[in-house]
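Open the model in your viewer and keep the selection tool at hand. Each stop below says what to select and what is there.

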Amino acid sequence: MDFHLTKEQEMVRKMYREFAETEVKPLAEEIDEEERFPMETVEKMAKLGMMGIYFPKEYGGAGGDVLSYAMCVEELAKVCGTTAVIVSAHTSLCCAPIFEHGTEEQKKKYLPDLLSGKKIGAFGLTEPNAGTDASGQQTTAVLEGDHYVLNGSKCFITNGTVAETFVVFAMTDKKLGNHGISAFIVEKSFPGFYVGKHEKKMGIRGSSTCDLIFEDCIVPKENLLGQEGKGFKIAMMTLDGGRIGIAAQALGLGEGAINEAIKYTQERVQFKRRLSQFQNTQFQLADMHTRMQAAQYLVYAAAMKKQNHENYSMDAAMAKLFAAESASDVTRRAVQLFGGYGYTREYPVERMMRDAKITEIYEGTSEVQRMVISSHLGVK
Amino acid sequence: MSTFNSSDVAAFKGGVWVFCEQRQGSMMPTSFELISEGRKLADELGTKLYGILLGEGIEGIAKELGGYGADGVYVCDHPMLKDYTTDGYTKVICDVIEEYKPEIMLIGATNIGRDLGPRCAARLHTGLCADCTHLDVDMGIYKDFLKENSTLAPERIDATSHAMVLGQKHDVSRDLKMTRPAFGGHLMASIICPRFRPAMATVRPGVMKKAAFDQAKADACEIIKPEFSLTADDMKTEVVEVVKAAKKLVDLIGADVVVSVGRGISKDVEGGIKLAEELAEVLGGVVGGSRATIDSGWLSADHQVGQTGKTVHPKIYVALGISGAIQHKAGMQDSECIIAVNKNDTAPIFEIADYGICGDLFKVTPLLIEAIKAAKAAK
Amino acid sequence: MKIIVCVKQVPDTSGKVAVNPDGTLNRASMAAITNPDDLNAVEAALVLKEQTGAEVIVVSMGPPPAEGMLREVMARGVDRAILVSAREFGGSDTYATSQILAAAIDKIGVEKDDIVMCGRQAIDGDTAQVGPQIAEKLGLPQVSYAAEITKEGDTITVKRMLEDGYMTIKVKTPCLITCIKELNTPRYMSVGGIYECYSKPYEIFDYNTLKDHPFIDKDTIGLSGSPTNILTSFTPPQKGAGMMLEGADKATCDKLAGILAAKHMI
């Protein structure tokens, strides 16, 4: 594995970092406090190509690579977990499946608006009774002439209230189980499609999370994504890619917390010494950094494999598992280093700790990642 | 032009000159400062000091320059010189310099001076040092200045009597030593212009001390009206309008001076803020506040300095009634000069303050405003 | 129509600045950045490009590693970059630098519709001299301290800032404008721009490229062509530890005001 970044990757990281520091960081506290979706930031990111980083220019993408996408999510998450997941869900869960499984007509119709950030994308798989066990889909799709009719509901949909294009999964043939699930591209304007209640969350509070409701929703037949019955496979492949994004988000959160802790412990004086002069602080930070550095290698390796069209399913699962658990650990330790101030909203580490927790849960819990990894090992 | 040769150093016997900038017929304060400074340099060189004044109908304000030390003033009066233009002013000044050959030319480093200076120096083929804060000719005085204001070892200071110029050892005793900050003030450099004349410098306004005015010298000041030509063909730009505007409130981050208030103003919030505004005004800065003042609604959020507010590094930061909690210090500790006023002598703000006054801000601030006004007036 | 923008790579003096024991700047310890005012000039050029379709060319004088900065500027939307770089150009003061840059710009060619733009000043030297001196060498009219620029036909109207207000100035192309930070907010590099910037035209003008230009002569460039010499450079004495002033009365305040005045802070 070559860990040298290209000149373009070095440059693009610098741009993300400047953007994150200048445009994203100043809003992070406010959007968390107010549970407000930062639409103004999305518009700015759209102009810079950040909503379609690794897709070809012919579809309106920026012509970058998967690693530069992961670095984008990482740099955003260093200062704001919410903004990072907006990019991740949009890119990995909506743009990617359309690009990878869509027909030429579907790609030409949907990708330019998505990749240029004119429209935000989302992904509808999880249901109230089908979480980790995604195969238990209860939403149904029935073909009636030139269209499908969808009925059912989805929950915990990231970007749900702001997205205009959704990749949605539904049972076209219940008898076939997993093989009866199909994927659809659903537009917000389709009749019978409703956006439901907004969830109040522990962290990533500026991101939009809500229910989607389908009541005799009419979806044109040409909006079937991939073949009928291939939906589960598309969902699993999509989540493999999504895990790189979430792993990068966790990575950024952990690194961001370390940056804050280094700064703070060099300023804060107790017992007439800076906190950074205590060996406990030094060792804590050394451990925290080592963990996140290891996480970075895993995340970048998974991204490079995806870029090179190698099988990266296990790599993405390992990256997400390790980065997410490390982020939770590191952000918690950062709060401890800050002491009482760390528990207040005066400093960002408590927000980072709340934001980090979700990375162990969404797009496959840590337990699911362990299932994926062990099955790749052939352990049954 | 063909006869002009800036490298014939010995030919430049025309004395020390100061470009005396006027706007709308009023002399800029920096003109008096530079005349005062120029007097010292002329005396050190044993030569005369002249102002050069351009404008329309400005002869009446020329003699005042004599009161600060000018032996004479070259007055160039012309309708096309009413407002400053790069083309008109450069043409006239260069023509007059070529005729009268001054040894030194000082220009105030105003937005106009810094437009004019480089254009003239390029046309005359001579050296220009920008935004100087200290000028010397006399080597003894220069070395004393270095002893006081640098970390140079004594032998390094002694070695400044000569410079290597084109591989030759050059005695700098008659050269103008032009000292200026570089790299954001982290380094100072003394520049010379050994091979060309006039040696030119733009000088930072407000730095040089204005001499006491002497009416008798003003009366004796000679007015010289040099010949020059200026036609519409010389003018490549057109001044459509000149607008005087009150200084726009700069935001905290770019401000040179920030006066911040904290919880200490609680007994009279409006009065405290008003005092901060007055102090900010005399210092030419803006008002900021600690988180307490923002959370209490005393100041709007854009005033906040600190961890969750803005990080500032002004030249002067005044903390009035701010204890100096770590989250406040994070936003201002890199300021060049920190002045703190607080009733509590153990307040952490005093640990990082350059100058601390332990006292009631409501009593100290008005005194400080008066003292600064007086100090500025004395300059 | 072309817009030629002069940019400079400078050490970032906004953070901690390290000085070597001999009083020179420890450049290696400082990040190299694009001079901030120059980015305002680049932005102004890119805005004019959007309005007029002009080609935007950046020119920089400096050592070969400055290529990275020029690529970054191209990642913001600049079409073409030229690095003026030669041992012979080293040691130039502002006069000699403007002489060399003027030769390079003249080689690119300044035509009737063209504009040359510069930042007001670079944060390493803070001289604000190179822009006007280039204008003089090229015989172009100059407008410095531009806070607003509008173009109609061949006439450019500039709001030129003064300390106590502003002037509105009209000038015809070709001309040179120096830009201040109030003019605009520089755009970021874009992801697409970054992935394109290494395939955009990039050229080096070395001594041989420029040596036949009438501006280039050993008496006008480099150390030997610089009218000014550095006699000495030094660091100011370290900032002393803070002091508590005695008392809190008029005498205390007068003393403080006196100190500030002596330090030229007021």
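Among contacts in chain C between residues at least 6 apart in sequence, what percentage join residues at least 24 apart? The figure is 72%, where contact means heavy atoms within 4.5 Å.

Some ground rules before you go on. This is a predicted model, in which local features need pLDDT of at least 70 and side-chain atom pairs count only at pLDDT 80 or more, while totals for chains, interfaces and linings use all residues. Residues are numbered from 1 along each chain as its sequence is written, chains are lettered from A and ligands numbered from 1 in the order in which they are written, and side-chain values use heavy atoms, with hydrogens and water left out.

**Stop 1: chain C**

Select chain C. Its C-alpha trace spans about 65 × 40 × 40 Å along the principal axes. Color by secondary structure: chain C has seven helices and 13 strands. These are DSSP runs, numbered from the N terminus (helices: H or I, at least four residues; strands: E, at least two).

Now show the surface. Chain C exposes about 10,500 Å², and carbon and sulfur atoms supply 52% of that area. Accessible areas come from the Shrake-Rupley method with a 1.4 Å probe; for residues, only the protein chains shown count as cover. Of the 266 residues of chain C, 59% count as buried. Buried means under 20% relative accessible area, exposed means over 50%, and partly exposed lies in between (1.4 Å probe, protein chains only).

Next, select Thr173(C) and Pro174(C). A cis peptide bond joins them, with omega about -5°. Pro174(C) sits in the loop between E9 and strand E10 (175–179) of chain C.

**Stop 2: where chain C meets chain B**

The contact takes 82 residues from chain C and 89 residues from chain B. About 7,200 Å² is buried between these chains, 59% of it from carbon and sulfur atoms. Buried area is the accessible area (1.4 Å probe) that two parts lose on being put together, summed over both. Pick out Glu136(C), Leu231(C) and Phe234(C). They supply 11% of the area that chain C buries against chain B, more than any other three residues.

How many salt bridges does the rule find across the interface of chain C and chain B? There are six. A salt bridge is a side-chain nitrogen of Lys or Arg within 4 Å of a carboxyl oxygen of Asp or Glu. One to select is Lys244(B) with Asp164(C), at 3.1 Å from N to O.

Several elements of chain C give two or more residues to this side, among them helix H4 (130–138), strand E8 (155–162) and helix H7 (250–262). Select H7(C): with nine residues, it gives the most to the side that touches chain B. By class, that side of chain C has 38 nonpolar, 26 polar and 18 charged residues. Ala, Val, Leu, Ile, Met, Phe, Trp, Tyr, Cys and Pro count as nonpolar, Asp, Glu, Lys and Arg as charged, and the others, Gly among them, as polar.

**Stop 3**

Select Tyr188(C), Val191(C) and Tyr195(C). In chain C, these lose the most area to chain A, together 49% of what that side buries.

The count between chain C and chain A is two salt bridges. In one of them, Lys57(A) pairs with Glu196(C), the closest N and O atoms being 2.7 Å apart.

**Stop 4: inside chain A**

Select Val66(A), in helix H3 (residues 66–79) of chain A. Is Val66(A) buried or exposed? Val66(A) is buried, with a relative accessible area of 4%. Val66(A) and Met304(A) are 238 residues apart in sequence, yet 6.8 Å apart in space, C-alpha to C-alpha.

Finish at Lys272(A), in the loop between strand E9 (269–270) and strand E10 (273–274) of chain A. Its phi is near 65°, a positive value in a residue other than glycine. Lys272(A) is exposed, with a relative accessible area of 83%.
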